[in-house]
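The structure comes first, then the notes.

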Amino acid sequence: MSLTNNLQEQVDLPVWEWCRFAPTATTAVSSMTTANTLGSRYLYYQVSTLLYRYDTWTDSWHSLMSTTGFTTPTIMNNNVYSSFLGHYGRAISNGGGNNTIQLAGLSGNVLVGYKIRIIDGTGKGQERTITAVAAPVIAEQGVVTTAGTQSIVDATTGVGLKQWKMNQWRDYQFRCNYGTGRTQVRPILYNTINSIVWSDPNHITINPWAQPLAATSVAVGAIYVIESHIVTVDANWTTNPDNTSQFCVMSGGILNFTQGTTSAPFMSMSYYDVLADIWYAKSTQTGIKTLVFLAASDISMERMTEAGGTTVTGTATSGGNNTLTNTGVTMIANQYMGMTLTITSGTGVGQVRSILSNTATVFTTRSNWTTNPDATSTYSVTGGQIISGIATSGAARSLTDSALTMTPMQYANFELRIVSGTGMGQARTILSNTATVFNLTKDWTTNPDATSVYAVYRDTGKVWIIGGNDSGMLQYSVKSDQITTGKQFDDGQCNQFAATRSGQEPFALTSITRVSGGISVLNATPTAAGSGYNIDDILTITTGGTLGTARVSAVNATGGVTTVTLETSGQTYTTGTGKATTVVPAGGTGCTLDITTIADMANCITPIAHNFYIGDTVTISGATLADYNGAKTIVGVATTLAFSYEVTGSPTSPAVASASPSTTQLVDCTKNWTVNEHVGKLVQLATNAVLSTGQVRRIVSNTATTLVWTLAATAPVNGTSRYVIEDIKPFGTEMTLGGRRGGGTEGFATGGSTTTLIDTAKSWQTNYWSRTANRKVRIVEGTGVGNEIAITSNTATTLTYATQTFTPDATTRYVIMDAFGTATAGAVTTLTDTAQNWDVNCWTNKRVRFLSGTSQGNEYIITSNTATVLTFATGTAPDVSTAYAILEATPKAYGIHLDMITGSTDTTLNNKYMYAWTGTATTELSRYNVTNEHWDLLSYFPQFETLTTGSMYVYDGADRIYFTKEATGRLMYYDLVKNIVVPSSTIPYGMSTAISGNRMEIIETADGLKYLYIMRHTGQEMWRTLIYW
Amino acid sequence: MRPTKIPLKYSFRLMSRKKIKTLLVSKGDLSFNAVAGVINGKKDKNRELDNGKRTFLKVAGVAGAGIIASQLLPKRAEALIMGSTPSSSVVGVKDSSNIRIDPAKEGGNLASIKTNTDSFVASGGGGYVRQDSTATIAKESGGNLATIAGKDFATQTTLATLNTTAATLATEESIILLRRIAKLSDSLGVVDSNQRQRVSVDTVTTVTTVTTTGTVTSATNLVALGGVDGRYLYIDTAHNVYANAIRPNLTFS
């Protein structure tokens, strides 16, 4: 539909319409958000624990699930909606068809119309649109005998007795359909013989979506069902999903960051699944923040978007039922897979289809055209890709496309996805890029090769956080569920031994013990059927061994057992028929079994409940003896804390771990790090609690599976402690004036020797880095990574130091440590770093943040400095374990905001800068460069209006950031391109008391009209105006 | 008031001065009606004549008797009848038995009363003194005033004690009730230093019907109008403005 807008500036004045009043008045603990594509129908408004949704179509509000069960927002609050998050889960099977998938499908057709993306496991990287959800298949039902918000028990006796297989209901959904707690639906994490668990904090380390609490406890007497759905998608899968396939229904979600307590970690993170109307608990760590946030100040979060605009346009030469051909182009096969193809003019104009695949000249769409395009049809391809191409080669931590001519670091902190070919479905954060090579923060699982088609996206899995009167900026990773002050390289949990199933994070093992005579194959047909048995009776084989059990899976008319399945393999058995049994529950008699094969079994004990069931394939790691390690099939599951697999070679028992955690060491046997590649980085240790105790330490060495630090920490716990490796240089670290004048303090080496590093792009002052004190240069990646070397002299382009064991090359990226490092001494008011030579008082009024060790998490105002000493108000004394950084940004407290620029007509701004308003009674506006991780303070014109509590902001997706000044109701906008501020109407009614929280959003209609919505401070009123000027 | 003449009918009558004075009252002065026989402003002529006659006879009778007595009664008799002492010309008083009574005087019976020290006899005599009894005059200390009918009189001492029981009085139910009553009778007005009352008028929350209001200078918070939130007046107006000013300029094809 084409829009004609005849509104004229100066002739037509803005008109503010009154929207229906919100159900609850705005407070300082409220905020509003909407989809980052602006194209949403809804505005989401949270006030304290209450969540509402405003429908822009019908001008009405309704309530959504409140945040009951998590930290109650009482001090500050912020929400951010991401269209590129959604409803997460794991498939049960492919559903029996080539375009189906069996999963927990909520109820009704709520999933229909959404895209489903396989994000891990079999078939990852595929994306389809859900076209139908079949009626639920009810697999089980029962009555709750033990109530819970996270789990229930059904210990019914008699006919209703439950004797489920361990984890047989994994990834099904529990739905309470009668009694207290009814109507609630939750995906199942695991099950025991008679209990169902849908929320377990221990599983945070395995699955970031492991804590969807029930809004109402499912009470005793409630009736439940266990069910699943067959979902149909719009085109056949290229690779059918299976029970390892992790999916995300791209329905959007809201991350909520709030302060509810005045003790560390102060803040809590939650996630609202818009589709399922479920809140998930996420985690925060004390290590990121020790001092209390400034009460009643603002926080602001920003996320990335996949909407990258138009990637390519052209004119069709012909079209078919589901194809569009342009013989005039030479595309890379599947380069545009998953993107959107739109007929923009000519025959078939206005039709929009998803691209299933593409060859050099032909697009194939996932569904047929209504009107086939022809040679009159012009088209555009839109989507989230920034660039795409085909790799010329790949390595463990890089991808090369020799056809590229990128600017170095152009795509740092973006995400690289393999969209087709070898390694399809993998995504990694780009650590850096040269002209032709993408370097990554961690290894590929499967290295790409010359068949791998890649695409660069914004990192939609990261969220940036500012505020609380801090200078530091935090980053939350949706995948790792961790918050850090610097770039995240890798994450995981403490694993001495581990069992890893495809599509999910590893489960740690407490021990692996080998036993002989375990039953590996049990004849399904008993030797004697006996009588009086029931299906699901558990038979314990008592002849010749112990702990071997079988499950009755079929009986005859007299209760004689006709079929059994192996349940646990036991030990010390011998093969043969007629093995006597006992039965639970009592009743049946006379059944004897036939043991076909026995073998050595590795009995594994897990520290937390696992979700494996018989037949799963897992990769065992951590044992010093190779016989224990490798891909194994689970043959017995005794409990959710034990399972067994067949082991060959009769290795010595018990298995010995290659390393153990201690107060100075973390072990993750699932990793394969390069020795000492992480030296100098930070490791943040956390427990598995939602509000976790966090400890940060600077890494002094690492092996393939261990990280070592110096200052003793609480020893990581196998299977429950989490960690994340992050950069020592936090986001927005300062640099000295000498560094700025010299072209910066970091870059790729262009050459060097064992005593020199050359960067011809620099123009440093001679010996600036060695005057008085020898500054350190740190090698952050490539050849020489992990080294920190004292600079003994420098020219404009060359750093000279003592002889090293490596020679810098084009892969060597370095940073001069002129505003961060490790303290060499400290007191309650000072930090000393003798490797510095700062100008006296050059850092006055800047903030110093302590990143690790003693006094970690503190951020102090520098009151003065000498060449080597920073002085600040009395705090907790740092020491030699304390990594520190001087921060660039002005602290942001009241009336602040952070906006990622995505659609400016100045394309150099897009995807690169986040604009941040300092507020706090200042006029300051600064912008953060995502790629080089530095802030620029801007001068704009006119710059006189100060902004503080009550000022609200919204980016229009193009060239403007609209903002209001506190309680005045005056609206202005900042023009990104012209760098000016322009008045922009005034709300039609006075604001009440100005309060914190951002409650101003823009919705863009399908026709491109943009309406700006503002909620009144301390009131229920909301207004909207059409932006046409 | 102008005096009038005495009516002619009294021309040859013996009249007292008082009567004459009465007759000199103005005829128009009805305030003297009781004597003048005026009822409701009109004179009762019959009653006026009767009163005049009776007065005349009384005056004449008394005057005649006096003249006769003064000529006939001897001095001796006078003394006997009146109890006087003829020799000394002292007038005496006799009782019903014709016995002369000696009047009380200081040094006589009064002296006895004055010097009487007999103790108080409660029965029969309380409150007055009989010369021939043992009763005595009540006195403050040690006398009858200290105890009357078994009840103690408040004294300075007991009043002081009463003062110390103020705390008890503060919680005394009757006192509290009295205070409440007194409070209820207080004015709602605020009295300023000049004892002027300031009147506070409560917010008018509900006005069932306002028939006619000439001018409302300012309605600062019009909560509802016709039962509808008052802001909807502006809300709907804004919608109309949008509909008329904005929407017509947007066309879709």
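The contact (heavy atoms within 4.5 Å) draws on 22 residues from chain A and 16 residues from chain B. This is a predicted model, in which local features need pLDDT of at least 70 and side-chain atom pairs count only at pLDDT 80 or more, while totals for chains, interfaces and linings use all residues; side-chain values use heavy atoms, with hydrogens and water left out. Residues are numbered from 1 along each chain as its sequence is written, and chains are lettered from A and ligands numbered from 1 in the order in which they are written.

**Interface area and composition**

- About 1,800 Å² is buried between chain A and chain B, 61% of it on carbon and sulfur atoms; buried area is the accessible area (1.4 Å probe) that two parts lose on being put together, summed over both.
- On the chain A side, A:V15, A:W18 and A:F21 lose the most area to chain B, together 32% of what that side buries.

**Polar and charged contacts**

- The two chains, A and B, share 1 salt bridge, defined as a side-chain nitrogen of Lys or Arg within 4 Å of a carboxyl oxygen of Asp or Glu.
- A:E1021 forms a salt bridge with B:R231, with the closest N and O atoms 2.2 Å apart.
- The side of chain A that touches chain B divides into 12 nonpolar, 4 polar and 6 charged residues, with Gly counted as polar.

**Strand pairing across the interface**

- β1(A) is joined by 3 bridges to β11 (residues 250-252) of chain B, and the two run antiparallel; strands are DSSP runs of E with at least two residues, and two of them pair if DSSP finds at least two bridges between them.
- A:T4 stands opposite B:T251 in β11(B).

**Seven-strand sheet in chain A**

- An open sheet of 7 strands has the order β68-β74-β71-β72-β73-β70-β69, with antiparallel pairing.
- β68 (820-822) and β69 (825-826) of chain A each have a single partner strand, so one side of each is left without a neighbour in the sheet.
- β72 (residues 859-865) and β73 (residues 869-872) of chain A run antiparallel and are joined by 3 bridges; A:N865 has A:L870 as its bridge partner in β73(A).

**Four-strand sheet in chain A**

- The order β7-β20-β21-β22 describes an open sheet of 4 strands in chain A with antiparallel pairing.
- At the edges stand β7 (76-82) and β22 (278-281) of chain A, each with a single partner strand, so one side of each lacks a neighbour in the sheet.
- β21 (residues 267-273) of chain A is joined to β22(A) by 4 bridges and runs antiparallel to it; the bridge partner of A:D273 in β22(A) is A:I278.
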